[in-house]
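Hi,

Here is the structure I said I'd pass on to you.

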2 protein chains.
Amino acid sequence: MADAQINRQILLVSRPQGEATASNFKLVETPLEPLAEGEVRVRNHYLSLDPYMRGRMDDAKSYAPPQPLNEVMIGGTVGVVSESRNAAFKAGDSVVGMLGWQEYGTSDGKSLNKIDTSRVPISAYLGAVGMPGVTAWYGLNCIIEPKAGETVVVSAASGAVGSVVGQLAKAAGCRVVGIAGGADKCRYVVETLGFDACVDYKAGKLREDLKAAAPKGIDGYFENVGGEVLNAVLARMNAFGRIAVCGMISGYDGNPQPMDAPRFILTQRLKLQGFIVYEHLDVWPQALKELGERIAAGQLHFRESIAEGLESAPEALLGMLHGKNFGKQLVKLI
Amino acid sequence: MADAQINRQILLVSRPQGEATASNFKLVETPLEPLAEGEVRVRNHYLSLDPYMRGRMDDAKSYAPPQPLNEVMIGGTVGVVSESRNAAFKAGDSVVGMLGWQEYGTSDGKSLNKIDTSRVPISAYLGAVGMPGVTAWYGLNCIIEPKAGETVVVSAASGAVGSVVGQLAKAAGCRVVGIAGGADKCRYVVETLGFDACVDYKAGKLREDLKAAAPKGIDGYFENVGGEVLNAVLARMNAFGRIAVCGMISGYDGNPQPMDAPRFILTQRLKLQGFIVYEHLDVWPQALKELGERIAAGQLHFRESIAEGLESAPEALLGMLHGKNFGKQLVKLI
């Protein structure tokens, strides 16, 4: 490694004014430094693109500090160890971590986890058996707590989180209704993922379609989008309904969305609870075990949108924020 | 009782179009029927006026069926048994019940409870040791679950519910901030009830005053009013804050109020939970015991606004909906 190998990285160089744009990012080339004792170098294979990233681009009060300017953009990654001076890792190990938007990541090993790619494809560790899968598992099991026969609704139903929520709720014996944007996504949600129904929020009659899809009202709602979808669902909630607030992507891009009728919280005695999956690390082992077993058994389906090459990451992120992805959005580096 | 004694009653005769008005009610005189076997007749001493009544006047989906038209207006009452054909009650017993807006109530006894007026005044069974007191107790202890050192905020702080919430939170070791309308109410909340601070929402700088009163943010919020007060509090909530949604009186009178920024539920990982105290009857005995002991020991202060005479009930209810009461609103019949 004495020859100065080049690492390509994408930095956040400015904060969005309203909508995020590709010009908020910059691709740079940086020589790789030799490893220090205890360090591990990973060749990233896939970058994970996730809605939370939009929040980190702002300098606003939130659950996590903002992404610093002129540093490598944050993000989950899977890859293979290329070199190690850490006894816990050896070259060839597959690992998941948070190495960000770059071809090579260097780590002290503490936040890297070795993964078994013999039964589950490596990219799934960024989706259904990764943070999005555990997010689905936590919100459904620990906040919604579905009971057989109840109706559970999930927005962004074809996405990395929503697709897992719905399949787990279906396995729990619920009537499961997805909300997604467009006929193709809705068809996939019903035909491949096995939901009972899916409402296309772009079809222009969200409230009417939701009523038809959930004729007995809604007992549990997994919220990924906010805005008009939240308003429509709230008006259909049954008494003692539970809403797991995981995301409000419709309001992320400088476009905050009010809740029309908070009175339903009172009149229907609802529980709404926001959560961040990284604050519930105690459930990760159990959730990952169950999710991995379901995938290996062919019981949990997922779909990926794959952008090619590091330089495609900014546009792929912006597209995801507008719902252009179909399934888990990844960037394939190698 | 063979002579036809006259009962005066107030009926709901029409539903409000927007704001409720006195013309929605009508006073009638009705002869009292002789008691049937098992019945109890009660001379009502006080009627309780409570914000939930506004909801019952509408014919809208809510947690309880609407008040039927042309029937005696619903409501909590305390009084004294005047005649009994029920072995569980005898003339002279003091009782609390839901006998509605009338001078005499007739009951099968199932929803009447005998009360001890030797240490606690009879009217308090409609307030601090009645439904409002248990409401405060439940929302604070079962939803907010305050920890010593936390900051708890309560709106309608000088009212029947809010005043108990704050005093119990103070006893739990919290910093307690009230929100009330007007300097007199705020002074009472701090000087008599012992809150640490009180924000006058009518003073025109709610957000600024709230920030000053809760400099470390807000961990628990007991919501009685909704609207702009909710929006201001929401923006100051700390991570993992809990909001007990007991009422949204500002939106009751045909004036629904949006929640500006539901995104805080996510970014601060909040829990919001609506509740109706009648659905948690298991806690009533414990709550009433604790509240009664605190009152008897002089540790729990309360204040009453008393309107005189049955015919004053409609205007007193409308006044309360606009915050004209100062403390628990009652109608004194005798």
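Below is what turned up, starting with a word on how things were counted.

This is a predicted model, so keep in mind that local features need pLDDT of at least 70, side-chain atom pairs count only at pLDDT 80 or more, and totals for chains, interfaces and linings use all residues. Residues are numbered from 1 along each chain as its sequence is written, chains are lettered from A and ligands numbered from 1 in the order in which they are written, and side-chain values use heavy atoms, with hydrogens and water left out.

Aromatic rings first. A pair of aromatic rings is described by the distance of the centres and the angle of the planes. Rings of Phe, Tyr and Trp (its six-membered ring) pair if their centres lie within 6.5 Å; planes under 30 degrees apart count as stacked, over 60 as edge-to-face and the rest as tilted. Searching the whole structure gives 10 aromatic pairs over all chains. One of them is B:Tyr138 with B:Phe275, a tilted pair with 5.2 Å centre to centre and 35° between the planes. B:Tyr138 sits in helix 2 (residues 131–144) of chain B, while B:Phe275 is in the loop between strand 14 (271–274) and helix 8 (284–296), 137 residues apart. (Helices, H or I with at least four residues, and strands, E with at least two, are DSSP runs numbered from the N terminus.) Both B:Tyr138 and B:Phe275 are buried, meaning under 20% relative accessible area, where exposed is over 50% and partly exposed is in between (1.4 Å probe, protein chains only).

B:Phe275 has another partner: its ring centre is 6.2 Å from that of B:Phe222 and the planes are at 80°, so this pair is edge-to-face. B:Phe222 belongs to strand 12 (residues 218–223) of chain B, so the pair ties together parts 53 residues apart in sequence. B:Phe222 is buried too, like B:Phe275. Over in chain A, A:Tyr138, A:Phe222 and A:Phe275 make up one aromatic cluster.

Next, charges over rings (NZ of Lys or CZ of Arg within 6 Å of the ring centre and within 35 degrees of the ring normal). A:Arg43 lies over the face of A:Tyr104, 5.1 Å from the ring centre. In chain B, B:Arg263 lies over the face of B:Phe264, at 4.9 Å.

Lastly, B:Tyr188 is found in helix 4 (residues 183–191) of chain B. With 9% relative accessibility, B:Tyr188 counts as buried.

Cheers
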